[in-house]
Amino acid sequence: MPKLTKYEFTWILEAQLDETNVGASLEKYAKIVRDQGGEVTTQENWGRKKLAYEIDDKTDGHYLFLRLQATPAIISELNRILRFDEQVLRTLIVQDEEWEAKNLEAAKRAGARPAEPHQTPQVA
Amino acid sequence: MGTMPKKKKEKKPGRKKPCKFCMDHVAAIDYKDHNRLRKFVTDRGKIAARRITGTCARHQRQLAIAIKRARHLALLPFVREHYR
């Protein structure tokens, strides 16, 4: 079993897709990760948001998020599939820095109130 | 006699601003938390300098990466609409 690394994977879908298509996309990518031997720890749907700038003349997008554990091979496979997915406007896959856990721990060490846990982003 | 030697302006050591991330005990800055990041960009959308915001070096480095990631995801603008 190759060593798994933690990643955060966010992608933006075209806004005119309905909820079933959005859910399908979320499941599709979670399944790809699982089928290749990775693990999905969190699946989130951030919902439809206004983009801070237009992407391909589109002003809105549907944000989806996965927290996963995978090998580099799985990540390159994901990237390959994403390149051909025409519903996807933008993707970001980065290593999970375990933001929340680290901050909670730091706050505990300092013995102070913890930094507020981050909410699902709301684009103004 | 030429010109009078100019008196060098003495720089007053200003009061050091506290780093907001250190005050909140933030260990890692998250790119998803764009409402917080928003306070560290200028109204043109540029990353604000440390001397403006008082962010410490360690957090400024993390902040820059977080802002760039948030921009990529269209959570933050590269340039504000009305300046384009």
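Is A:D56 buried or exposed? A:D56 is exposed, as 7 other C-beta atoms lie within 10 Å; the cut-offs are 12 or fewer such atoms for exposed, 20 or more for buried and anything in between for partly exposed, with C-beta atoms placed from the backbone. This is a predicted model, in which local features need pLDDT of at least 70 and side-chain atom pairs count only at pLDDT 80 or more, while totals for chains, interfaces and linings use all residues. Residues are numbered from 1 along each chain as its sequence is written, and chains are lettered from A and ligands numbered from 1 in the order in which they are written.

**Chain A**
- Chain A has 3 helices and 4 strands, counted as DSSP runs of H or I with at least four residues and of E with at least two, numbered from the N terminus.
- Their order along the sequence is β-α-β-β-α-β-α.
- Of the 124 residues in chain A, 23% are buried.
- Among contacts in chain A with a separation of 6 or more, 72% join residues 24 or more positions apart; a contact means C-beta atoms, placed from the backbone, within 7 Å.

- A:D56 has a phi near 50 degrees and sits in the loop between β2 (39–55) and β3 (58–70) of chain A.
- B:A74 has a positive phi of about 60 degrees and falls in the segment after α4 (57–72) of chain B.
- B:A74 is buried, with 25 other C-beta atoms within 10 Å.

**Contact between the chains**
- Chain A supplies 23 residues to the contact and chain B supplies 17 residues.
- The chain B side comprises 9 nonpolar, 3 polar and 5 charged residues.
- Nonpolar covers Ala, Val, Leu, Ile, Met, Phe, Trp, Tyr, Cys and Pro, charged covers Asp, Glu, Lys and Arg, and polar covers the others, Gly among them.

Definitions and conventions:
Contact = placed C-beta atoms within 7 Å.
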